[in-house]
Amino acid sequence: WPSGWVLLDSTLLRRASDFSARLYFDTGSGFSEQESMPIPASSKGMIHEVVYFPPGIRCVHWVPMRSEGIIDQDNFQLTEIGSVERAYRMLRRAAPALLKHPQEKREAIGLSLQSLLLDLQKAYAASSRLRALAPAPSYAEWLGRASALADEDRRLVERRIGGFSVPPRFTVLTVAVKEDSTLARTRDSLNKQSYSGFDMQVQEGGASGAVTLKVANKDFVICVHAGDEMAEHALFWMACIIEKNPDVGLIYSDEDRIDDAGVRCEPEFKPDWSPELLRSTNYIGRFAAIRADVLQQAGGLNARDIEDNHSLLLRVTELLEAGQIVHIPAVLFHRWGKESVLDTEAVRHHFLKTEAVAAVDVIKPGCYHLRYRLPQPLPMVSIVIPTRDAPELIQLCVDSILQKSTYPNYEIIVVDNQSANPQALAYLDAISKDSRVRVLYYDAPFNFSAINNFAAQQARGDVLCLLNNDTEVISPDWMGEMLGHLLQDK
C-alpha cells in the first residue's frame with residue numbers, strides 16, 4: 001500500500017438510502033472509525049479525493065455505502081501525489097466552496113478564510129462535506145453541533161417565559177413499577193426543565209381501568225415511562241406553541257433513544273401532521289402533550305393508553321383540525337427502552353368501527369394496512385397515457401393495466417403524439433379494438449400539459465389517472481387502493 005497523500009479516483013453510482021462511503025485502514029489493531037476517511041462524491045458519482053494513508057497499513061476496507069442497495073463502481077485507482085499537487089487539489093475544492101456557500105452554512109462546518117489560509121487540510125475536509133453525495137455525519141457528531149443549549153440560550157428562554165400572558169400548565173404522568181434509578185432519572189430530567197409550570201404524577205405499573213386526573217380543561221397531559229428523559233427546553237418549547245396558538249390540542253416532537261450505556265441513538269425525525277401515516281403506524285410515539293378537555297372528549301385516559309398510546313392518539317386526532325396538531329422539529333424526548341406495541345386489537349377495532357374502512361391488515365405488530373370502502377356504483381377511472389413511438393414501453397404499460405387490474409370500471413385513453421415507428425403504430429391499432437381502450441391522435445408539437453388537457457376534455461370518467469408510458473402495473477388492486485385514499489373526507 002502507498003503511504004502519505006494519495007489521490008483516490010473512482011466512479012460510484014448507488015441506489016440506496018444511505019450514501020455514506022468510507023475508507024478504513026488497518027495498521028495492526030484492526031479497523032476503527034478513528035483510522036478511516038469519509039469519501040464524498042459528486043451528484044454524478046465522480047470521486048476525486050485526496051486521502052492520507054498512514055504508514056504501516058496492512059489492509060484497507062472499502063465501504064461504498066451504509067445501507068442495502070445497488071452499486072455500480074467503475075475503477076478504483078490510487079495514485080501517490082506530492083505536496084504541491086496536494087495543496088493545489090485542496091485549494092481547488094476549498095476556495096470555490098468558500099465563495100459559493102452562505103456564511104451561516106460555512107460556519108456550521110468550520111469553513112472560513114482563516115482555515116483556508118492557516119489550515120488547508122481542515123478547510124478541504126470541511127468543503128468536502130458540501131459535495132452532493134458527502135457522507136452524512138454520525139448522530140453523535142450532529143448532537144455536538146445542534147443539541148446543547150448555551151448560557152445565552154438559557155437567558156433568552158427565561159426572558160421569553162417572563163413575557164407569557166397566560167402560562168400553560170402541564171401534568172406529566174409517569175408509569176413506574178417502583179421508585180428506582182430509572183424513575184429518578186425521569187424526575188431529574190423534569191427538575192432540570194427551563195419551564196417550571198408542571199406537576200408530576202406517578203402511575204403504578206400494571207394498574208388497570210381509567211386514570212383519574214385532576215386538571216383544568218386547558219391544561220396539557222403528557223405520559224412518559226420511568227427512565228424517559230426530556231431535553232431541558234422541551235416543556236418551554238411546548239409552552240411557546242400554546243402561547244402562540246391557544247387552540248392547539250396536540251403537540252409532539254422528534255425523539256431519540258437512550259441505550260443501556262446511556263448513549264443517545266436511533267433518532268426519529270418525524271413529519272408534520274399526517275393522518276394517513278398515523279393510521280399506518282404510531283409515528284408520533286409516546287411523547288405527546290394532549291389538552292385535557294380534548295382528552296376527556298376522546299374518552300379519557302386508560303391505564304393501557306399509557307403503555308401503548310396509538311389508540312388514544314387516533315381517538316384524539318379525530319376530534320381535532322389539522323391546525324390544532326403541531327409538530328416541533330427538534331429532538332426534545334429521549335425514550336428509555338423499546339416502544340411497546342400492546343394494543344393491536346384495540347387499534348383494529350378503532351378502524352373497523354369507522355364506516356369508511358372496509359378491512360384492516362396487520363402487516364406486523366404496530367403496522368397496519370387500511371383498505372377503504374368504495375362508493376357504489378363504482379366511479380369510472382379514465383387513465384390517460386401520452387406516448388410517442390417507444391413500442392416496448394407503451395405495450396408493457398397498457399398490457400399490464402389490462403391483464404393485472406382488478407378494478408372493473410375504467411377506460412384507457414392513449415394519446416399518440418405523432419408516432420412514426422411502424423411497430424408502435426401497429427400496436428396502437430391493435431389495442432384500439434379493445435372496448436376498454438381508446439386511441440386519440442394529437443398532431444401538434446410535444447406539449448405534455450396540452451396533451452393531457454386534450455385527453456381530459458374527452459374523458460368519460462369521474463376520476464382522472466395520469467400515467468407515463470414507461471410505467472407498469474405490479475399490484476392488481478392499484479386503482480382501488482388509490483381511489484380509497486382519494487375519496488376520503490379527511
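The structure is a predicted model, in which local features need pLDDT of at least 70 and side-chain atom pairs count only at pLDDT 80 or more, whereas totals for chains, interfaces and linings use all residues. Residues are numbered from 1 along each chain as its sequence is written, and side-chain values use heavy atoms, with hydrogens and water left out.

Leu118 belongs to helix 3 (residues 113-118), where helices (H or I, at least four residues) and strands (E, at least two) are DSSP runs numbered from the N terminus. With a relative accessible area of 67%, Leu118 is exposed; exposed means over 50%, buried under 20%, and partly exposed in between (1.4 Å probe, protein chains only).

**Salt bridges**

Side chains of opposite charge can pair when their charged atoms come close. Taking a salt bridge as a side-chain nitrogen of Lys or Arg within 4 Å of a carboxyl oxygen of Asp or Glu, a search of the whole structure finds 31 of them.

| Pair | N to O distance |
|---|---|
| Arg154 and Asp151 | 3.2 Å |
| Arg279 and Glu276 | 3.0 Å |
| Asp293 and Arg291 | 2.7 Å |

Arg154 and Asp151 both lie in helix 6 (residues 151-162), three residues apart, about one turn of the helix; Arg154 is partly exposed at 34% relative accessible area, while Asp151 is exposed at 54%. Arg279 and Glu276 are likewise three residues apart, about one turn, within helix 9 (residues 275-280), but here Arg279 counts as buried at 18% and Glu276 as partly exposed at 26%. Asp293 and Arg291 are both buried. Salt bridges that share partners also join Glu255, Arg257, Glu266, Glu268, Lys270 and Arg335 into one network.

**Surroundings of His327**

His327 lies in strand 14 (residues 325-336) and counts as buried, at 12% relative accessibility. Its side chain is joined to that of Asp254 by a polar contact of 2.7 Å, a term for a pair of N or O atoms within 3.5 Å, where within protein one must be able to donate a hydrogen and the other to accept it, and residues adjacent in sequence count only if both atoms are side-chain atoms. The backbone oxygen of Lys270 lies 3.4 Å from a polar atom of the His327 side chain.
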